[in-house]
Amino acid sequence: MRAFFTRYNQLLVRRPLVTNMISTGFLLGAGDCSAQILFPASPGQPYDFVRTLRAVVYGGLIFAPLGDKWYKVLNTKIIWRGKNERTMSTILRVAVDQLVFAPFIGIPLYYASMTVLENRKPYLEHIVDKFESSWWVTLKSNWLVWPIFQWFNFYLLPVHYRLLAVNLISIGWNTYLSYVMHNKG
């Protein structure tokens with residue numbers, strides 16, 4: 001296991017974006033896989049490999065580049081100057097992440113991208129329907145999980161490991177998102 005993390009770290013230093021794209025795609029796919037196995041829409045439903053592929057594409061090609069850049073921007077632009085700099089900077093980063101990114105970028109991007117990748121036409125109508133039915137419940141669930149994790153993530157980990165840390169916790173979160181995205185009820 002140590003050799004894996006050593007190699008991963010080397011790749012992360014040499015090719016951070018590509019490494020993040022591969023790991024994020026893989027872990028979002030794992031979340032969708034878990035959702036399909038643990039929470040099938042109907043009994044006996046066959047496994048949908050194309051659905052998992054869409055999750056991999058979203059994670060690797062859409063979310064990873066954005067997440068990679070987002071954590072770097074938070075680290076360089078959201079800084080508290082003064083007393084308790086590290087703690088206050090961390091609190092500010094969590095606040096911006098949870099009050100700006102999650103509600104207005106992350107959650108809408110997921111539902112809009114998956115709607116388009118699933119070719120649900122008319123796109124805008126389906127996206128609006130998904131937002132109306134799922135945005136607020138997803139955001140409330142997000143606020144139960146992510147603020148405390150992000151505090152530790154931003155406070156303890158170097159910026160180049162933050163997306164990986166998020167991706168590891170996201171296996172469970174992506175299971176939830178995939179379930180909500182594909183829940184007909």
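Colleague: Where does Y71 lie?

Modeller: Y71 is in helix α3, a helix being a DSSP run of H or I with at least four residues, strands being E runs of at least two, numbered from the N terminus. This is a predicted model, where local features need pLDDT of at least 70 and side-chain atom pairs count only at pLDDT 80 or more, while totals for chains, interfaces and linings use all residues. Residues are numbered from 1 along each chain as its sequence is written, and side-chain values use heavy atoms, with hydrogens and water left out.

Colleague: Is Y71 buried or exposed?

Modeller: Buried means under 20% relative accessible area, exposed means over 50%, and partly exposed is in between, using a 1.4 Å probe and protein chains only. Y71 has a relative accessible area of 5%, so Y71 is buried.

Colleague: And which residues does Y71 touch, not counting residues up to four places away in sequence?

Modeller: Contact means heavy atoms within 4.5 Å. On that basis Y71 touches D97, Q150, F154, V159, R162, L163 and V166. Take R162 from that list: R162 and Y71 are 91 residues apart along the chain, yet their C-alpha atoms are separated by 7.1 Å.

Colleague: How do I read the nonpolar core?

Modeller: In soluble globular proteins, nonpolar side chains tend to be buried together. A nonpolar core here is a set of buried Ala, Val, Leu, Ile, Met, Phe, Trp, Tyr and Cys residues joined through side-chain atoms within 4.5 Å. The largest one has 24 residues, and Y58, Y71, Y110 and Y111 touch the most other members. The elements giving two or more residues to this core are α3 (49-77), α4 (85-117), α5 (123-156) and α6 (159-182).

Colleague: Which residues does Y111 touch?

Modeller: Leaving out residues up to four places away in sequence, Y111 touches K130, F131, S134, T138, L177, V180 and M181.

Colleague: What about R54: buried or exposed?

Modeller: R54 sits in helix α3, and R54 is buried because its relative accessible area is 16%. Beyond neighbours within four places in sequence, R54 is in contact with D48, M114, L117 and E118. For contrast, look at G172 in helix α6: with 47% relative accessible area, G172 is partly exposed.

Colleague: How many helices and strands does the chain have?

Modeller: The count is 6 helices and 0 strands, and the order along the sequence is α-α-α-α-α-α.

Colleague: What does the radius of gyration tell me?

Modeller: The radius is taken over C-alpha atoms, and the globule rule is 2.2 Å times the number of residues to the power 0.38. For 185 residues a compact globule would come out near 16 Å, and the chain has 17 Å, which agrees. As for the box, the C-alpha atoms fill roughly 55 × 40 × 25 Å along the principal axes. Of the contacts with a separation of 6 or more, 71% come from residues 24 or more positions apart.

Colleague: Are N84 and N119 buried or partly exposed?

Modeller: N84 counts as partly exposed at 49% relative accessibility, and N119 counts as partly exposed at 45%.
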